[in-house]
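This briefing accompanies the sequence and structure shown below.

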Amino acid sequence: MIIDISLLETGKVKKLSFEETYNEKENPFDDADIKFLPEFKVGFTVDMAGNDFIVNGYYCGKLILTCDKCGEKFNHIFKENFLFVLMYEIPDDLKDDVDVILIEKTKKVDLKEKVRENILINLPVVNLCQDNCQGLCMICGTNLNKIKCKCGVEQMNPVFDEALKIFNK
């Protein structure tokens with residue numbers, strides 16, 4: 001995902017485009033324990049905006065996530081857009097902005113880590129296989145989405161017994 005800014009500056013091209021499709025073997029997120037089904041796509045265009053450059057892009061595909069409540073694997077359709085600004089000099093008020101990238105003297109910018117970071121930031125905070133996931137029985141560990149166990153509905157984790165005594169006074 002390396003952008004050669006000099007191509008835009010010289011006027012040889014008016015717009016740069018990039019699109020890449022990853023398969024399971026080329027998983028750039030393997031170290032973050034993110035699995036995806038084949039055909040995870042990343043694409044973007046780069047346009048000049050005065051002395052700066054605008055990177056407008058997207059990524060999409062199906063991720064394989066693990067439900068936080070029941071532990072089952074499920075497919076999650078993941079699609080997000082991103083926008084970066086490439087600058088030779090970053091003003092003080094933008095120095096902490098993660099979407100502003102400094103252009104090095106080589107005039108080449110590798111967006112791989114920035115796109116990867118953006119994907120990781122936009123992953124769901126809570127992974128649920130379905131909105132009404134019942135989770136696991138606290139007593140026997142049965143997946144309550146599949147079958148109802150005989151442990152009883154009103155079972156409560158004993159850790160909360162003392163707190164309940166306070167509220168039940």
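Beyond its neighbours within four places in sequence, Gly43 is in contact (heavy atoms within 4.5 Å) with Phe18, Glu19, Gly57, Tyr58 and Phe82. The model is predicted: local features need pLDDT of at least 70 and side-chain atom pairs count only at pLDDT 80 or more, whereas totals for chains, interfaces and linings use all residues. Residues are numbered from 1 along each chain as its sequence is written, and side-chain values use heavy atoms, with hydrogens and water left out.

**Gly43**
- Gly43 belongs to strand 4 (residues 40-49); strands (E, at least two residues) and helices (H or I, at least four) are DSSP runs numbered from the N terminus.
- The relative accessible area of Gly43 is 0%, so this residue is buried; buried means under 20%, exposed over 50%, and partly exposed in between, with a 1.4 Å probe and protein chains only.
- Between the C-alpha atoms of Gly43 and Asn168, which are 125 residues apart along the chain, the separation is 57 Å.

**Nonpolar core**
- The largest nonpolar core has 32 residues, of which Ile3, Phe40, Val55, Leu86, Leu111 and Val115 touch the most other members; such a core is a set of buried Ala, Val, Leu, Ile, Met, Phe, Trp, Tyr and Cys residues joined through side-chain atoms within 4.5 Å.
- Two or more residues of this core come from each of helix 1 (5-9), strand 2 (15-22), strand 4, strand 5 (52-66), strand 6 (73-87) and helix 2.

**Cysteines**
- There are 0 disulfides in the structure, a disulfide being a pair of cysteine sulfur atoms within 2.5 Å.
- Cys137 is buried at 9% relative accessible area, whereas Cys149 is partly exposed at 23%.

**Surface patch**
- Val159, Phe160 and Leu164 make a nonpolar surface patch of about 280 Å².
- Patches consist of residues with over 30% relative accessible area and no salt bridge, with like charges joined within 9 Å and nonpolar side chains (Val, Leu, Ile, Met, Phe, Trp, Tyr) within 5 Å.
- A salt bridge places a side-chain nitrogen of Lys or Arg within 4 Å of a carboxyl oxygen of Asp or Glu.
- Phe160, in the loop between helix 2 (112-121) and helix 3 (161-167), is partly exposed at 44% relative accessibility.

**Lys107**
- Although Lys107 is not a glycine, its phi is positive, at about 65 degrees.
- Lys107 sits in the loop between strand 7 (100-102) and strand 8 (108-110) and is partly exposed, with 30% relative accessibility.

Note on methods:
Accessible areas come from the Shrake-Rupley method with a 1.4 Å probe; for residues, only the protein chains shown count as cover.
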